[in-house]
Structure formats: C-alpha cells, structure tokens
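Hi everyone, thanks for coming. Please have a look at the screen.

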Amino acid sequence: MQRYNILWADDEIDLLKPHILFLNNKGYDVTPVNSGPDAIDECQKNIYDVVFLDENMPGMTGLETLNHIKSLRPNLPVVMITKSEEEHIMEEAIGARIADYLIKPVNPHQILSSVKKILENKRLISERTNISYQQDFQKISMVLNDRIDFEEWIDVYKKLVYWETEIDKTEDRSMSEVLETQKEEANANFAKFISDNYESWLNDPEGKKPLLSHQILKRKVFPLLEEEEPIFFIVIDNLRADQWTAIESVVLDYFIREKEEYYYSILPTTTAYSRNAIFSGLMPLEMSSSHADIWVGESQEGGKNNHEDEFLARLLDRNHLDIKYSYHKIKNLSQGRQLAASINNLMGNKFNTIVYNFVDMLSHARTEMEMIRELAPDESAYRSITRSWFIHSPLFEILKKLSQKKVKVIITTDHGTIRVKRPFKIVGDKNTNTNLRYKQGKNLAFEEDGVYVVRKPENIRLPRLNVSTSYVFAMEDNFFAYPNNFNYYVKYYKDTFQHGGISLEEVIIPLISLTPRNAS
C-alpha cells in the first residue's frame with residue numbers, strides 16, 4: 001500500500017502527537033512543524049501529498065502561509081484547521097482553493113476522513129463504482145433476457161449511460177470492457193425490438209407506443225404555450241444521451257430540471273428525416289405528399305433541412321396557434337454570438353426555436369480530420385470534447401442569459417450517433433444514397449441477417465422514389481460498405497460516429513424541461 005507524506009503546521013503541534021501517531025498507524029508519514037515559515041520552508045525542500053494548516057498561528061497566520069504555499073505548490077492540497085467559525089475566514093480560505101476546512105477541536109477520525117477524501121478519493125470511488133456496477137450488471141442482464149417494452153428500454157439505456165459516465169470518473173477502468181460487452185448485447189436486442197415493433201407503432205392506433213419525433217411539439221411543447229412565460233425550444237443536433245450528461249451539471253448550475261423524459265427518433269435517424277419530422281409534426285411520407293414544395297427528397301439536389309422554419313410555420317397554423325415566434329439555426333460561431341447578443345429582443349415572442357448544429361459538425365469533422373480523431377478516439381473523449389465546446393460556446397452564453405429571465409427552456413436533439421466498428425457489405429446502383437447507416441434504393445443486394453429491411457416504405461411512413469424502392473437499416477455497430485473499394489471504406493470509416501440506423505444511441509433521445517434558478 002502506498003504511504004503518503006503529510007505536513008502538519010500548528011503552533012501547538014506537541015498536543016497533536018496522539019493524532020500524528022494515529023495517522024502513522026494508518027500508514028501515513030507525518031512531518032510536524034509549529035509555524036508558518038517552517039511550513040513554507042518544508043514545502044520548498046520536500047514533496048508532500050497534503051498539508052494540514054492551523055489558521056490561528058502567531059506571527060504568520062494560516063491564511064498568509066496558505067498563500068505562500070499555493071504560490072510554491074499550486075496543486076498541493078491544503079486543509080485549513082481553525083477555532084474560528086467566522087464566515088469571512090472560511091470564505092478567504094475557500095477562495096484560496098483549500099481542499100477541506102475543519103473546525104477545532106478535531107478528533108483523529110475527522111483527520112483520517114479528510115486525508116482519505118483528498119488522497120484516496122479516486123481509489124475508493126473506483127472500487128465502489130466497480131463493485132456497484134458488478135451488482136447492477138446482473139440485474140441489467142436479467143432484464144435483457146426478458147421481453148421488455150419501450151419504456152423499459154429507456155430505463156436500460158439510462159442505466160448503461162449512467163455506468164458509462166461513472167466508470168469514466170474512475171482510475172481503474174477494468175470494468176470498461178465488461179460494460180462495452182453489455183452495451184453490445186443490449187444493442188443487439190434493441191435492434192431486434194425495433195424491427196419487431198416499429199411498423200406497428202406507426203399503424204396501430206390502439207397500441208402502446210413511445211413518443212416519436214413528429215409528436216414532440218404537439219404533445220410536449222405546445223401545451224406549455226398556455227403558460228405565461230416565453231418558451232425556448234433548443235435542438236442541439238446530433239446530441240447523444242451521454243453527451244447530455246456531460247453538459248448537464250453545467251446547465252443545472254443555472255437551471256432547475258423540471259422534467260427529464262426520453263422519446264424515440266423516427267427512422268432513418270438522420271437530420272433530413274427526424275428533424276424535419278420534429279418541425280413539421282409529420283412523418284416523411286406525409287411531408288413529401290402534402291408539402292412537396294418544401295420537401296427535399298433523396299434524389300433532389302440541395303440541403304434537406306433548409307425549410308424547417310416553413311414546416312414550423314405550417315405546423316403552428318394547423319394547430320391554430322396564432323402566436324409571435326422565432327426560428328434560428330446556428331451553423332457557426334459568428335451566428336451564435338449574434339444570437340446571444342440579441343436574446344433580449346426575443347423575450348417578446350411566445351415561442352422561440354433555436355437549432356444548434358455544432359455536435360453534428362463535430363461528428364463529421366471527426367470522420368474527415370485525423371486531428372479530431374486523435375482528440376476523440378472513443379466515447380469518453382467525445383463526451384469530454386462536447387463538454388469543453390459547450391462551456392466555451394455562445395449556446396452556453398445564451399442559456400446563462402435565459403437563466404436570469406422568466407422563461408421555460410426545453411433542450412433536446414433530433415437523433416444520436418453510434419461509433420461504428422463492423423463493415424456490412426451492400427451493393428447498390430449509382431442512385432443509392434451515401435449514408436453509412438441506412439440505404440434507400442432499388443435492386444439493393446445484401447445479406448438479410450443483421451439488417452432491418454423495409455420493402456414497402458409506406459408501411460413505415462417513408463416516401464418511395466419508384467416502385468422497387470426499399471430501405472435497409474444497419475443495426476448495432478455495423479456500417480455499410482461497398483465490395484469494390486471495401487478496404488478503403490473500412491479503414492476510413494471504422495470507429496467513426498455515424499447515424500441513420502438502429503441503436504440505443506441513435507434512437508433514444510433526451511427531452512429536458514428547465515426553469516431558471518435566478519429569474520428576475
């Protein structure tokens with residue numbers, strides 16, 4: 001077991017010999033000094049793991065000593081010990097980045113607890129996390145062996161995301177491979193669940209079914225328009241549930257989470273289909289037939305999401321919502337800053353929609369740029385980059401400004417992504433779409449085991465380009481690759497984040513309702 005070195009400065013250090021002996025017996029080496037200057041001298045000469053510092057020493061006070069120590073060793077944990085409970089002393093010490101604050105008289109167990117919290121926190125968390133996941137592993141495995149419904153699948157996915165983020169925090173990543181294997185099993189079962197049930201959700205009016213993309217606004221957002229506060233509906237494109245957890249704590253510094261729900265993205269899980277469905281309130285088949293003037297199909301040139309604002313206008317009109325509203329799509333830093341600067345101008349609207357595209361751009365950049373792949377080689381790093389972006393983004397600035405106002409904020413996304421690992425061979429003609437997680441076309445050739453095949457697109461409310469059009473969806477972590485140039489496809493796209501197919505990560509979407517903590 002590693003032995004740690006502790007420096008303890010107190011002008012009555014002789015009275016603390018029982019405490020020091022107690023720590024020695026617990027495996028800690030303690031160097032006692034009786035003044036601030038001696039503590040500073042020790043920090044210059046030797047390396048310590050933690051310092052205990054009496055605040056009320058004659059001559060140089062504990063706070064003065066603390067400032068000197070921090071200038072020498074900025075990352076050295078310091079525990080302030082004081083007789084005083086005065087608030088200003090506590091605030092000064094906390095402001096100087098102390099690791100802990102104890103009030104005299106202290107007993108040996110308090111000291112031991114503080115030491116363990118500082119020096120062995122990561123080890124203890126790792127051990128506890130791994131034990132807890134091992135216990136939950138069995139429960140999750142039993143659930144996966146049952147026939148579970150869409151609500152239970154949400155619970156399974158939330159548990160897997162929870163353990164993924166918890167294991168992320170540990171030093172010992174020994175359970176990561178076990179969790180990854182369990183996620184793969186879950187995704188295999190979930191893909192079968194979707195292929196067995198998706199068509200009935202769209203065609204059986206009486207059946208129990210999840211909330212889907214095209215139902216979000218009508219069921220979850222429009223009812224809020226009856227309330228007094230303006231609504232801000234924020235869609236962060238391509239945001240997975242685990243990426244939401246990466247930024248959640250930052251958001252909740254400014255907002256109270258009123259509700260956390262999850263919905264299911266429609267298929268294909270791509271922006272062109274799922275996000276248009278959100279803003280139109282329709283499935284793609286209805287969009288293509290009833291709104292042919294603004295629907296851009298697979299065979300047509302141009303962006304597939306250039307008419308979301310018009311889809312939204314028509315949806316509001318169909319629902320007889322004669323309200324003042326705004327729609328903003330943020331594609332770059334400059335647009336984000338402009339919107340952040342004009343938030344006050346939006347307060348007169350009843351409903352404000354913001355579509356933020358950064359996470360989608362990040363996933364595409366990671367595919368195209370080797371540097372981004374190096375920065376985000378796996379899901380853990382991908383979450384970290386998402387959090388770093390968010391903290392420094394205009395979107396966070398927008399949310400901070402909204403947190404000072406009487407508003408309601410709903411944060412969601414249109415679909416997630418999955419890190420693809422296994423190539424799946426498929427053959428199509430030159431008109432077949434290029435997405436790696438689903439294919440639409442005629443005369444597609446492939447092995448049918450391991451994909452979800454839809455030969456009658458109208459059955460899942462998708463348009464068909466011609467009589468023989470079919471859709472094929474990749475499941476689990478597969479990605480489509482053509483036999484010619486196969487090795488190039490595998491090398492280039494393996495371990496990239498893709499969307500369009502069927503996986504927990506792509507389909508199950510967070511829908512978060514927030515109210516400001518400090519609205520004025």
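Let's start at Gly441, which stands opposite Ser470 in strand E16. Gly441 is in strand E13, residues 438–441, and four bridges join E13 to E16 in an antiparallel arrangement. Two strands count as paired if DSSP finds at least two bridges between them.

Before I go on, a word on the source: this is a predicted model, where local features need pLDDT of at least 70 and side-chain atom pairs count only at pLDDT 80 or more, while totals for chains, interfaces and linings use all residues. Residues are numbered from 1 along each chain as its sequence is written, and side-chain values use heavy atoms, leaving out hydrogens and water.

Now, which other strand pairs with E16 over four bridges? That is E15, residues 451–454, also in the antiparallel sense. Here Tyr452 stands opposite Phe473 of E16.

And E16 itself, residues 470–474: is this strand mostly covered or open? Mostly covered, with five of its five residues buried. Buried means under 20% relative accessible area, exposed means over 50%, and partly exposed is in between, using a 1.4 Å probe and protein chains only. Ser470, Val472 and Ala474 point one way from E16, and Tyr471 and Phe473 the other way.

On to the charges. A salt bridge here is a side-chain nitrogen of Lys or Arg within 4 Å of a carboxyl oxygen of Asp or Glu. By this rule the count comes to 36.

One of them joins Arg314 and Asp293, with the closest N and O atoms 2.6 Å apart. Arg314 lies in helix H13 and Asp293 in the loop between H12 and H13, so the pair ties together parts that are 21 residues apart in sequence. Asp293 is exposed, at 56% relative accessible area.

Another pair is Asp495 with Arg419, at 3.2 Å between the closest N and O atoms. This one links distant parts of the chain, 76 residues apart: Asp495 is in the loop between helix H20 and strand E18, and Arg419 is in strand E11. Asp495 is partly exposed at 27%, whereas Arg419 is buried at 12%.

Finally, which residues form a network of salt bridges? Glu164, Asp168, Lys183, Arg240, Asp242, Arg383 and Glu505 are linked that way.

Methods:
Helices (H or I, at least four residues) and strands (E, at least two) are DSSP runs, numbered from the N terminus.
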